[in-house]
Structure formats: structure tokens, C-alpha cells
Amino acid sequence: MDCNEATSLITLYIDAELDAKREPALSAHLRVCPACSVAFSRAGSARDALRAALTRHRPSVNFQERLAQALPGPEEKSSLPGSAIRIRKSVANAVAQWLGLGRRSGLRPLVSLFVACLLTAALTYALTVSWNRPPEDAAIVTAHVRAIGEGRLTLVSSSDRHTVKPWFAGKLDFAPQVGDLSDDAFPLAGGRIETLHSQQVAALVYRRRQHIIQVFVWPDDSHPKRGFERSFERTTRGFSLVTWRHGGLAYTAISDLNPPELALFRDHFRAKSVPSGPRSE
Amino acid sequence: MTDARRFKEFASPNVDAAYNLARWLLGNDGDAEDVVQDALLRAYRSFDGYRGGVARAWLFKIVRNVAYTALAKRRGEREVVRLDDLDCDTDPNMAVFELNPEILYGRSDAIRRINGALERLPLPYREVIVLRELEDCGYKDISMILDIPIGTVMSRLSRARRMLSAALRDLRESAPRA
């Protein structure tokens, strides 16, 4: 293969349009051709940077409301988990006050925890009973909500990715990318290990203003390696989720941020990820 | 009213994307809102004829058709696009974006410039960029939405990427961050 052909294949690869049959040939060329190798990693970052820079126009709330009136169909209910979190906090506070527990009292955390457990159980029940989405999303939402409600978002708390990333070594048999997005106003808060469907996954925690973004990462080699795959955005119960794959790992970000901001987070995260070439095996 | 409910479930997740496409095509919020509203009503009416497949792509096709009708009315004539110039790409290789990603991080001047460049890109190039880069459509979907062969999708995308890359070429990396 010459470099001209490789260039076209790189484009197809970036667009997730390169069929599995031709990937090995491209891998082989990239291994021996430093120029194309550089072009390959630059192409991916250039594209992610551009996607982060271009505006995703969103309709005004006013328009969405008008649309809801104009179109036939039932009104959507408000999201359950968000309001449940607020209820949990205010109930915990109310109970603590009623019991006459002051700020420095050692009993207050216990009361809050007890109330939180009750509400978490109720919330989980509500979510599972009325759930009509694949289990994976349900588990992610529950994990996200619980970690926030129980105040155990991070086991390693640091905004330095050189502290967070190595923390996972020896605890997990895969190494998640941990991007430094502080320049993009998505500072890293830390990480921990979470269990989803009896599987240990990495949880990375980022912030955006007052919002929390969690990125759950697990190995996913199930599909033929397609490199820059299209990512999968959806909203569930008021939360935005987005999933993408990179380097044999699946990343799912969840937040109560609106979808375009979470998509922006994804673009910045991917742009800062170390590029993974087509696998050579 | 199961039909209405089904349609709402189908359409709701795609409204934002439909608006984004319309907004990039029409250039202002008011026209984009009108187009999205018309397109959704039209989609609802022909919902029976929707046989599954990629939901967004089907909706995008409707949005685009309504948008072009609106554009034609606005100008009072059909936009004449010279197809020979359009799809004749002398370089047979498919281009990717050639720009330094660092230039786009946090630099509002670069971000303004690239968005301005996309706004000014001729419609046939603009729409492939919006569909591919902003809405994550595959070549096959773009081919269906624009009603052009896949080969044309690829060459138009190539040319559009070169044009956008050129817009940032003279920006100096050493310029201060805005």
C-alpha cells in the first residue's frame, strides 16, 4: 500500500466507514510509515477539536414548549431522580433539625445516611419497576445517583490526571484514559471503582459548574475494531448519557447537563485521549 | 391515540438534531423554528409510511426538503448549483481535516472563524459537514438524505474538509488565547 491509498483509508477509518477486511492492511502500513502514523493521530485530534468548536444550535425553551403544544401527544413527566435527590437532601436536613442535631453532632451523618438509604431503596424500586430501557442505562443512572446521594463519588480525589490514572493500576485490568479538561472548564474531581452488573468498572468524576459528570469505563472489544465510532447519545429520566468506544474500552458519560454540553465534554475528552491506532493483532 | 404517542416517542429525541440541521441551513432561529415545526407536522402525517430504518435520517430528509423549499421561497428562485464544479475533485485522495487542534482550544477567535467559515460554505458542502461532523450520520445515511451516491458523499466531504481547513490556515499558533 502506498501513502496515497493509506490517506484515503485513514479518512474512512476516522469516519468509522473502514470495513474490517481492510483494517489490517492500514495497520501494517502505519506500523512502518512514520509520516502516515503522524497523519493518522493528527487527523483524529483535528476532527475531535473541530467537532468541539462547531456550534450545535439548540432550540430555545420557548420553542420547545410551543412545539409541545403544537404537536399531538401526551405531556412528558418531569424526571424522577433529580427531584428525588432534592427530596432526599431536604428530608435528611428536616429530620436532623427535628432531632435537634447540631452541625457538629456526630449523629447527624447517621441520620442522613439512614434516610438516604430509605430513599435510595424507594428510588431504585421506582426506577426498576417503571424502567423500559436496556439494563445497562438503568444501572448507570442508579450508580450515578447513588454515588452522589451517598457522597462517595471519589476514592482518589485529585484534579491531576497523573494522580488519578495510575491509581487504577493494580485495581483494574485495563487502563482508562483520564483526560485533563480543566482548560475546557470540565475539571477532573477524581475517580473510584464502581460495580455495574457484577462487573468492576472505572468511574471518573468531572465537574462542570455545579454539575457532576461521571464517566464509567469498561473493556469492550465486542465489535470489530472501528476506531472512531459514532457515539451514542440519549437522555433517560432527565439525565444525558453518551457512549463511545476508544482503544478497546467503552466510555459512558452521564450527567444532568443538557445533551449538547455533554456532547461537548465527550468531544473534548476524546480529543485529549491518546490516539489508538487500528489494532495490529 | 397510540399513533400520536408513538410519534412523539419517535420525534422527541430528534428535535434538537432537526433544529441544528435546519439552523445551519437557514441561518437564523426564526426560519429554523418554522422549518422544524413544518417538518415535524409533515413527518407526523406520513408516519404511517415510515417503515423503520434509521429514524433520524428519515426525519432529516424531511427537514432538509422543507428547508430547501423555504430557501427557494426566500430567494424567489431555485438556487442554481453547478454540479460539474461541485463534485469534480481533482485530488482522488479523500481528505481529512488538516488543522492544528491546539488552535481551536479555548481560542474564541479561531472558534468564531471556523463557525463563520461553515456558515459561508456553499449549502451542498455545509450540509455534508453538519450531517457528518455534528450529527454523526454515516455515509449511507447522508447518501439517502441528500439523494446522491455514496461516492459523491465522500468527495463532497473531502472538499468541504479542505475548505474548512483552509479557513484556519493563516491563524498563527502563537497568537494569545482569547
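Me: How many salt bridges does the rule find across the interface of chain B and chain A?
Reply: Six. Keep in mind that this is a predicted model.

Me: Which side chains meet in one of them, Arg47(A) and what?
Reply: Arg47(A) pairs with Asp136(B), at 3.9 Å from N to O.

Me: And how many residue pairs are in polar contact there?
Reply: The rule finds 13 across the interface, counting pairs with both residues at pLDDT 80 or more.

Me: Which element gives the largest share of the side of chain B that touches chain A?
Reply: H2(B), with seven residues. By class, that side of chain B has 28 nonpolar, six polar and ten charged residues.

Me: What area is buried between the two chains?
Reply: About 3,900 Å², with carbon and sulfur atoms giving 61% of it. On the chain B side, Lys8(B), Tyr105(B) and Asp136(B) lose the most area to chain A, together 16% of what that side buries.

Me: How many residues are in contact?
Reply: 44 residues of chain B touch 42 residues of chain A.

Me: Cysteines now. How many disulfides does the structure hold?
Reply: Zero, over all chains. For Cys3(A), the nearest cysteine sulfur is that of Cys36(A), 3.6 Å away.

Me: Is Cys33(A) buried or exposed?
Reply: Cys33(A) is buried, at 11% relative accessible area. Cys3(A) counts as partly exposed, at 35%.

Notes:
Residues are numbered from 1 along each chain as its sequence is written. Chains are lettered from A and ligands numbered from 1 in the order in which they are written. This is a predicted model: local features need pLDDT of at least 70, side-chain atom pairs count only at pLDDT 80 or more; totals for chains, interfaces and linings use all residues. Side-chain values use heavy atoms; hydrogens and water are left out. Contact means heavy atoms within 4.5 Å. Buried area is the accessible area (1.4 Å probe) that two parts lose on being put together, summed over both. A salt bridge is a side-chain nitrogen of Lys or Arg within 4 Å of a carboxyl oxygen of Asp or Glu. A polar contact is a pair of N or O atoms within 3.5 Å; within protein, one must be able to donate a hydrogen and the other to accept it, and residues adjacent in sequence count only if both atoms are side-chain atoms. Helices (H or I, at least four residues) and strands (E, at least two) are DSSP runs, numbered from the N terminus. Ala, Val, Leu, Ile, Met, Phe, Trp, Tyr, Cys and Pro count as nonpolar, Asp, Glu, Lys and Arg as charged, and the others, Gly among them, as polar. A disulfide is a pair of cysteine sulfur atoms within 2.5 Å. Buried means under 20% relative accessible area, exposed over 50%, partly exposed in between (1.4 Å probe, protein chains only).
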